[in-house]
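Dear colleague,

Please keep the model open beside the text as you read.

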Amino acid sequence: MIIGQKEIFIEEINSTNQYAKELVSNTKPFEGTAIFTDYQQQGRGQNGNVWQGTRSENLYLSVILYPRFLAIQNHYLLNKAICLSVWESIAAYFPEVQIKWPNDIYAKGEKVAGILIENNLQGSNWQSAIVGIGVNLNQRVFPEGINATSLHNLTKREIDRTAYRKLLYKKLNKNYLAIRAGQKESIDRVYTKNLLGYQEVHAFEADGKKFTAQLLGVDNQGNLCLEQEGQLKYYRHGRLRQVVG
Ligand code: BTN
């Protein structure tokens with residue numbers, strides 16, 4: 001077991017990703033070191049957004065990895081392995097969940113978890129990756145306009161946060177070791193099968209235009225593959241939005 005063998009708990013912190021980054025630049029932490037907290041003052045989300053959540057109810061976790069075995073052209077495999085692990089851990093409590101490209105886990109049209117992977121590359125060499133994972137576990141109420149839910153709201157029961165965290169470590173270890181062992185296809189297959197809207201005709205928006213297309217998968221650079229008007233098209237994150245709900 002690599003991930004979670006060494007844990008650091010800090011009651012309150014600005015951001016576990018930020019803390020993990022500082023740890024990597026100041027010391028040489030063991031691979032798999034996991035930092036978690038009860039509350040983040042400045043939790044970071046994707047695209048420079050903030051990640052907010054209540055105190056002592058959710059999971060706010062960052063894991064330090066050194067995925068130097070991954071060629072840069074396959075860098076997105078790490079993202080797939082992480083998304084799949086979070087998906088598997090949530091599906092163990094509530095099976096009707098999906099992975100929403102690029103970094104979210106959705107259930108019943110609402111977001112239950114978000115992932116923020118911050119890579120540190122030198123040239124084309126991977127130095128480290130900080131894997132930030134936020135899972136809404138026991139939060140019951142969300143701010144107006146936020147399309148989110150929690151495992152509690154989905155299952156109507158209190159989630160044991162420690163048991164959930166340990167299960168997540170198990171899934172992360174399994175899938176991280178799989179990509180390290182070169183088992184790309186098996187990770188890709190299960191990841192793709194559980195994508196929100198896989199093989200369905202779905203609504204998307206790119207460059208201000210709305211359209212429908214069939215979702216076929218995600219390549220190992222992270223581009224979403226769609227069949228649009230009989231043609232295969234690849235979209236990178238930032239250009240395309242999958243419309244949910
Ligand atoms: C997103 O969906 O926007 C990604 C959210 C990632 C949030 C987690 S919580 C633990 C870790 N520390 C952070 O500051 N962010 C990530």
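In this predicted model, the lining of the largest pocket draws at least two residues from each of α1 (16-26), β3 (59-65), β5 (104-107), β6 (110-122), β7 (125-135) and β12 (240-242). Among these contributors, β6 gives the most, with 4 residues.

The space in this largest pocket comes to about 940 Å³, and of the 41 residues that line the pocket, those closest to its centre are Q46, N49, W51, D104 and K111. If you sort the lining of the largest pocket by class, you will find 20 polar and 16 nonpolar residues, together with 5 charged ones.

The second largest pocket holds about 340 Å³ of space and has a lining of 19 residues, with Y76, N79, N103, I117 and N119 lying nearest its centre. Here α2 (76-91) and β6 each supply at least two residues of the lining, and β6 again gives the most, this time with 5 residues. The classes in the lining of the second largest pocket are 10 polar, 7 nonpolar and 2 charged residues.

With best wishes

Conventions: Residues numbered from 1 in each chain as written. Predicted model: local features only at pLDDT ≥ 70, side-chain atom pairs only at ≥ 80, totals over all residues. Heavy atoms only, no water. 1 Å grid on protein atoms, 1.4 Å probe; cavity = no way out; pocket = protein on both sides within 12 Å on 5 of 7 lines; lining within 4 Å. Points joined across faces, edges and corners; volume = space filled by probe spheres on them. Nonpolar A, V, L, I, M, F, W, Y, C, P; charged D, E, K, R; others polar.
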